[in-house]
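User: I have a model open here and want to go through how it packs. Can you take me through it?

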Amino acid sequence: MLLKGKKGIISGALDSQSIAWKVAERCVEEGAQIVLTNAPVAMRMGEINALAEKCNAPVIGADATSMEDLQNLFQKSMDHFGGKADFVLHSIGMSVNVRKGKPYTDLNYEWMQKTFDVSAISFHKMMHTIWKMDAINDWGSVVALTYIAAQRVFPDYSEMAESKALLESFARSFGYHLGTAKKVRVNTVSQSPTMTTAGQGVKGFSEFYAYADKMSPLGNAPAEACADYCVALFSDLTRYVTMQNLFHDGGFSTMGMNPAVLQ
Ligand SMILES: NC(=O)c1ccc[n+]([C@@H]2O[C@H](COP(=O)([O-])OP(=O)(O)OC[C@H]3O[C@@H](n4cnc5c(N)ncnc54)[C@H](O)[C@@H]3O)[C@@H](O)[C@H]2O)c1
């Protein structure tokens, strides 16, 4: 019961493969009370309602690029909790250029801006809303999911690489402000490739998934293990970890070459 008495807002659970779905389940297992949120279009697909029922959680729709929607989300969540939140998960990503098959050397910049807005600026907007509404308790925890393409080149990840670099930078910069004012920590978790809707949108994903699995001494970290790690970061056991990009990747990020890949 690591999260007993804690209240959290979890974005990004689209279907049972979503990393956020597993995080929501684990948080509730550990005693937390949660609110689920996703873009209205994702909610219309309906699967999130099954999770909501299982977790006894309300679903509050919010397009994470809209400040108005985010204000509504945090206000309704605080009304529901009867107080502020203790933890927030940002688990949102989408690239328009990747989705439309545009190569990196010929990107559409309007789409790129949309990608940055959805995948990275939404994180700043979330923390901005938390800040403005004083929506998180002292010693709270904010986590966003990211990928190692922020630091190294993974050509098929395209403009999502820059989105993740921006996201990680927002975690550091806002981590300073939220830490100083409220002792709230902000971290990003850099997760292994994971078989989800967003993951599988990347070209050649299954081959790459197998490569990363071989390259990592522990193998790819599954979504369930990522959920465990998020629980740890939301719990009181990690109160002084902040402004970090934390690799949850079975060791992939530290490898140069693994003989297993050559075989
Ligand atoms: N799957 C992977 O290989 C992998 C690896 C590392 C990091 N991540 C990151 O994990 C996070 C979750 O992705 P996932 O793999 O669970 O895939 P997913 O497709 O299940 O989740 C992505 C979520 O983003 C939501 N979303 C998109 N646009 C939105 C908007 N405007 N407002 C609110 N929500 C919106 C979608 O509805 C969906 O629920 C993303 O940030 C992703 O980049 C994924």
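User: How many bridges join E4 to strand E5, and do the two run parallel or antiparallel?
Analyst: Six bridges join E4 to E5 (residues 185-191), and the two run parallel. Two strands pair if DSSP finds at least two bridges between them. Strands (E, at least two residues) and helices (H or I, at least four) are DSSP runs, numbered from the N terminus. This is a predicted model: local features need pLDDT of at least 70 and side-chain atom pairs count only at pLDDT 80 or more, while totals for chains, interfaces and linings use all residues. Residues are numbered from 1 along each chain as its sequence is written.

User: Which residue in E5 is the bridge partner of Ala 144?
Analyst: Thr 188 is the bridge partner of Ala 144.

User: What is the strand order in the sheet?
Analyst: The sheet is open, with six strands in the order E2-E1-E3-E4-E5-E6 and parallel pairing. Strands E2 (33-37) and E6 (245-248) stand at the edges with a single partner strand each, so one side of each has no neighbour in the sheet. On average, neighbouring strands of this sheet are turned by 20 degrees against each other, direction ignored.

User: Which strands does H1 lie across?
Analyst: H1 lies across E1 (7-11), E2, E3 (85-90), E4 and E5, and runs at about 165 degrees to E1. Angles run from 0 to 180 degrees between N-to-C directions, and axes are lines fitted to C-alpha atoms, for helices over the stretch in contact. H6 also packs on the sheet, where H6 touches E3 and E4 and makes about 165 degrees with the direction of E3. Contact means that the C-beta atoms of two residues, placed from the backbone, lie within 7 Å.

User: OK, helix pairs. How do H6 and H7 cross?
Analyst: The axes of H6 and H7 (residues 160-182) come within 8 Å and cross at roughly 10 degrees. That makes H6 roughly parallel to H7. The cut-offs are under 35 degrees for roughly parallel, over 145 for roughly antiparallel and 65 to 115 for roughly perpendicular, with the rest oblique. The contact residues include Phe 116, Phe 123 and Trp 131 of H6, and Leu 167, Phe 170 and Phe 174 of H7.

User: What classes are the residues of that contact of H6 with H7?
Analyst: Eleven are nonpolar, five polar and none charged. Ala, Val, Leu, Ile, Met, Phe, Trp, Tyr, Cys and Pro count as nonpolar, Asp, Glu, Lys and Arg as charged, and the others, Gly among them, as polar.

User: And at what angle do H1 and H10 cross?
Analyst: The axes of H1 and H10 (residues 223-234) cross at roughly 55 degrees and come within 8 Å. That makes H1 oblique to H10. By class, their contact has nine nonpolar, no polar and five charged residues. Among the residues that meet are Lys 22, Glu 25 and Arg 26 in H1, and Glu 224 and Asp 228 in H10.

User: Switching to the ligand. Which residues around the ligand come nearest?
Analyst: Ser 18, Gly 93, Thr 196, Ala 198 and Gly 199 come nearest, out of 27 residues around the ligand. A residue is near a molecule if its C-beta atom, placed from the backbone, lies within 6 Å of it.

User: Which element gives the most to that shell around the ligand?
Analyst: H8 does, with three residues. H1 (19-29), E4 (136-146) and H8 (197-200) each supply at least two. By class, the shell has 13 nonpolar, 13 polar and one charged residues.
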